[in-house]
Amino acid sequence: PISKESVGDPEMQTQYLKPDTSIYFNKSDYLDQMKKLKEKYDDKPLIKITDENYLEVMELIYNYPSEFIG
């Protein structure tokens with residue numbers, strides 16, 4: 001999707017890419033991996049996104065947005 005900031009400005013295009021590591025796993029292994037990662041963050045009231053956990057956290061938020069509301 002294109003951001004609202006880029007509308008009307010031909011020089012500015014912001015694109016949000018879907019984080020997707022599923023290409024590295026078969027379907028059941030990917031779902032197991034996502035389940036384990038989600039459990040890792042389930043009990044945390046605040047998740048700090050760092051260089052080390054960026055991809056996994058962003059993919060979890062993208063795949064399970066309602067789990068991270070608030």
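Visitor: Where does Phe-25 lie?

Guide: Phe-25 sits in the segment before H1. Helices (H or I, at least four residues) and strands (E, at least two) are DSSP runs, numbered from the N terminus. A quick word on the source: this is a predicted model, where local features need pLDDT of at least 70, side-chain atom pairs count only at pLDDT 80 or more, and totals for chains, interfaces and linings use all residues. Residues are numbered from 1 along each chain as its sequence is written, and side-chain values use heavy atoms, with hydrogens and water left out.

Visitor: Thanks. How many helices and strands does the protein chain have?

Guide: The protein chain has 2 helices and 0 strands.

Visitor: Back to Phe-25: what is it in contact with, leaving aside neighbours within four places in sequence?

Guide: Phe-25 contacts Tyr-30 and Gln-33; contact means heavy atoms within 4.5 Å.

Visitor: How many aromatic pairs does a search of the whole structure find?

Guide: The search finds 1 aromatic pair. Phe-25 and Tyr-30 form that pair, which is tilted, at 6.3 Å centre to centre and 45 degrees between the planes. The rule is that rings of Phe, Tyr and Trp (its six-membered ring) pair if their centres lie within 6.5 Å; planes under 30 degrees apart count as stacked, over 60 as edge-to-face and the rest as tilted.

Visitor: Is Tyr-30 buried or exposed?

Guide: Tyr-30 is buried, with a relative accessible area of 11%, while Phe-25 is partly exposed at 33%. Buried means under 20% relative accessible area, exposed over 50%, and partly exposed in between (1.4 Å probe, protein chains only).

Visitor: Which residues make up the largest nonpolar core?

Guide: That core has 6 residues in all: Tyr-30, Met-34, Leu-37, Tyr-41, Val-57 and Leu-60. H1 and H2 each give two or more residues to this core, and the largest share, 4 residues, comes from H1. A nonpolar core is a set of buried Ala, Val, Leu, Ile, Met, Phe, Trp, Tyr and Cys residues joined through side-chain atoms within 4.5 Å.

Visitor: What does Met-34 contact, leaving aside neighbours within four places in sequence?

Guide: Met-34 is in contact with Thr-21, Glu-59, Leu-60, Asn-63 and Tyr-64.

Visitor: And Lys-38, is that one buried or exposed?

Guide: Lys-38, which lies in helix H1, counts as buried at 17% relative accessibility. Not counting residues up to four places away in sequence, Lys-38 touches Leu-60, Tyr-64 and Glu-67. The C-alpha atoms of Lys-38 and Tyr-64 are separated by 8.7 Å, with the two residues 26 apart along the chain.

Visitor: New topic: what volume does the largest pocket have?

Guide: About 210 Å³. Of its 13 lining residues, the closest to the centre are Lys-44, Pro-45, Ile-47, Glu-67 and Phe-68. On a 1 Å grid over the protein atoms alone, a pocket is an open set of points where a 1.4 Å probe fits, with protein on both sides within 12 Å along at least five of seven lines; lining residues have an atom within 4 Å of a point. Grid points are joined across faces, edges and corners, and the volume is the space filled by probe spheres set on the points.

Visitor: Where does Ile-47 lie?

Guide: Ile-47 is in the loop between H1 and H2, and is partly exposed at 24% relative accessible area. Beyond residues up to four places away in sequence, Ile-47 touches Tyr-41, Val-57 and Phe-68.
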